[in-house]
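User: I would like to learn how to read a sheet and a helix in a model like this one. Please take them one at a time.

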Amino acid sequence: MEIKELEDFATQVRRDILRQVHKVNSGHPGGSLGCTEFFTALYQGGIMEHKPEFNMDGKDEDLFFLSNGHISPVFYSVLARSGYFPVEELNTFRLIDSRLQGHPTTHEGLPGIRVASGSLGQGMSVALGAAQAKKLNKDKHLVYTLHGDGELQEGQNWEAIMYAAGNKVDNLIATVDLNGQQIDGSTETVLPMGNIKAKFEAFGWEVMEIEDGNDMQQVLDGLKQAKSLTGKGKPVCVLMTTVMGNGVDFMMHTHAWHGKAPNDEQLEKALEQNPETLGDY
Amino acid sequence: MKTYTDTGKKDTRSGFGAGLTELGRTNPNVVALCADLVGSLKMQDFIDEHPDRFFQVGIAEANMMGMAAGLTIGGKIPFAGTFANFATGRVYDQIRQSIAYSGKNVKICASHSGVTLGEDGATHQILEDIGLMKMLPGMTVINTCDYNQTKAATLAIAEHDGPVYLRFGRPKVANFTAEDQKFEIGKAVRLYEGEDVTIIATGHLVWEAIQAAQKLSEKGISADVINIHTIKPLDEQAIINSVKKTGCVVTAEEHNFLGGLGESVARTLAENHPAPQEFVATQDTFGESGTPEQLFEKYGLNADAILKAAQRVLKRK
C-alpha cells in the first residue's frame, strides 16, 4: 500500500475505535488512537508476514503479541479490516456473548489473538516463548510485541528483558509506546521511569527510536529498520513516541481519555476530524 | 488383607525427573523450563540429552510461566519446574491469564510441596497450592503419592491437551505403587475394599492411609481406601460409591483443610450423598522448620492422625 492508502486506512481505524468505545460507553480510546499508525504499518504496511486464515501455532508467519491489552479497540479494528473476522463484528465490542471482550483473549476463539492480555506486564514473556519455539522449529519469521510505557513499571518485563538479551533472542522486536501517560497522570508524576533507552541498552538490547509514532512514513521506516537489526544476536527494542488520543484534538496530550468513552456530541466532533474512508461497519 | 510393599524409599521428584527424561526421548515436542532449581527438580538428565530443548530462566518464575505459554504457540509441550510455592502463589496471575484463561498446554511441575520439604520452613512450605490451582477453570490438578506414580503421571500429562498442575515433593518416601502402572488422569485408585469407613488420601498421605487401614483392621474396622491422585477433575463417582457403602469418610492431604482435597470431597458428598467427614490436613496454619516426620507428627498428618480421625468419624455415623 502507498502511504496515502495507509493513512486512509488509519483514519478509518480511528473511526472504528471511537465508534466501538462510544457504543458501549466504555473502553480505552486514548492509547488506541495513539497506536493506530503502528498497527496499520504492522498489518497493512508489509511489515509482518501474516495469515488472516489464522492458525494458533503461527508456523511460517510473523507473530504479534499485544501486551497492553486495554488498547483492544485498535487491535480489533485492524484485525477485522485485515480479514481476520467480519468488520461488522466490531459492533459487538464489550457486549455479552461477544468474541470481542474488553481485553483481548483466546477464550472465545477470536482469530488473530494468541494469548489473553490485560493484566499488564506479561506479553513479553509469552513472546519470548513463541520466539524460542520459532528457533526450535527453524522458522525464520519474527515475533513482534507492543507495550505501554507505564506498563514497564511491572517487574515481569525486566525479567523478560534480562532473559531476552542474555539468551540472544534476536528474532524479537519489542515496541514501547512512549506516550508518557497512564491512568493516574503522566508517567513522570505517577512513577518516573528514568531513561528507558539507557535501561534497555544496559540490559543488552539493540535500541532504536521512532520520533513521531503518529507519522506513517516514520513508523514504516522505523519498523523496517528494526527488522534489519534482527538476527544479529540481540533482541530489538523500538521506542516509539506517540501522542495519546492522536487524531482527535480534544483527546490529545492528556491521560483523561485513557479509559473514557466520548458522549454523542464528542463522538460527532471526533468523527468530523476523521472522515470515513473505507466505509463504516 | 492386601499388603503394599515399599520397594525402597525414593523421592517423588526423582519420579518426575525420570518421567521427563523418558519424554525427552519419546516426544520431540516436550521442552522444559526451570527457574534455577535444576538439581532439586532432577531435570539434569533431560538437559544433558536435549540441551536445545531446555530453557534456564534464572530466578524469574513470572517470566518462566509466560515463556511456557508462548512455547505452546509453536506446538511445544512445556514442562515448567520449580518449587510449589514459586510455581503457584508467586505467579498466580501469570498462570491465570497467560496459561489458564489462554488455554495453553503448559505443565506446571511443582516440587517441594507441603510441609515435608522440612528444614527450610514455612517460606517454602506451601499448603495452599491445591486450592489456588483447582480454582482456575480448565486446570487439571494432580498430587502424586510415590516415585512410580509420579513418573507415570509425568508421562500421562504430556498426552493430555490442556494446562496441568503436577504436585510432588522433596523427601524420600515409600515407593509402593506398580512400576508399570498406567496413569489415568481423573481416575481414583482403590487400595483396599472396606465396609466401615472410607479413607480418601492424596500425595504423601496415601502411604500413611495404608498404614492406618492396617491398624484399623487389627481393631476390627475395615476401611475402604482410595488413592486420589487427581484432585481436579475429581473421580466423584468413586467417592460417592464408596461413601454410600461405608457412610462416613476421612480425607487426608498435606495441605490446608481450606481449599484442598477434603473440601472437594465434601462438596461432592453434600451434593450427592451427605455423610460425616473428618479432615486430616493442616488447620489453617503455616508450617515451620523440622524434619518431615516431626512435622507430620506435629501437624497431625500421619497414619496415627488418620486412625484417630477414622475413629472419630465412625462415632458420628
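User: Which residue of E7(A) stands opposite Ile210(A)?

Analyst: Strands of a sheet pair through backbone hydrogen bonds, either parallel or antiparallel. In this predicted model, Ile210(A) faces Met240(A) in E7(A). The strands involved, E6(A) and E7 (residues 236–241) of chain A, are joined by five bridges in the parallel sense.

User: In what order do the five strands of the open sheet in chain A lie?

Analyst: The order is E1-E2-E3-E7-E6 in chain A, with parallel pairing. Strand E1 (63–66) and strand E6 (206–210) of chain A each have a single partner strand, so one side of each has no neighbour in the sheet. From one strand to the next, the twist averages 20 degrees.

User: Which helix packs on the sheet?

Analyst: Helix H9 (residues 216–228) of chain A does, touching strand E3 (172–178), E6 and E7 of chain A. The direction of H9 makes about 170 degrees with that of E6(A).

User: What pLDDT does chain B average?

Analyst: Where pLDDT is low, the predicted coordinates should not be read in detail. Chain B averages 98, and 100% of its residues score at least 70. The model scores ipTM 0.97 and pTM 0.97.

Note on methods. Residues numbered from 1 in each chain as written. Chains lettered and ligands numbered in written order. Predicted model: local features only at pLDDT ≥ 70, side-chain atom pairs only at ≥ 80, totals over all residues. pLDDT = per-residue confidence, 0-100. Pairing = 2+ DSSP bridges. Helix = DSSP H or I, 4+ residues; strand = E, 2+ residues; numbered from the N terminus. Axes fitted to C-alpha atoms, helices over the stretch in contact; angles between N-to-C directions. Contact = placed C-beta atoms within 7 Å.
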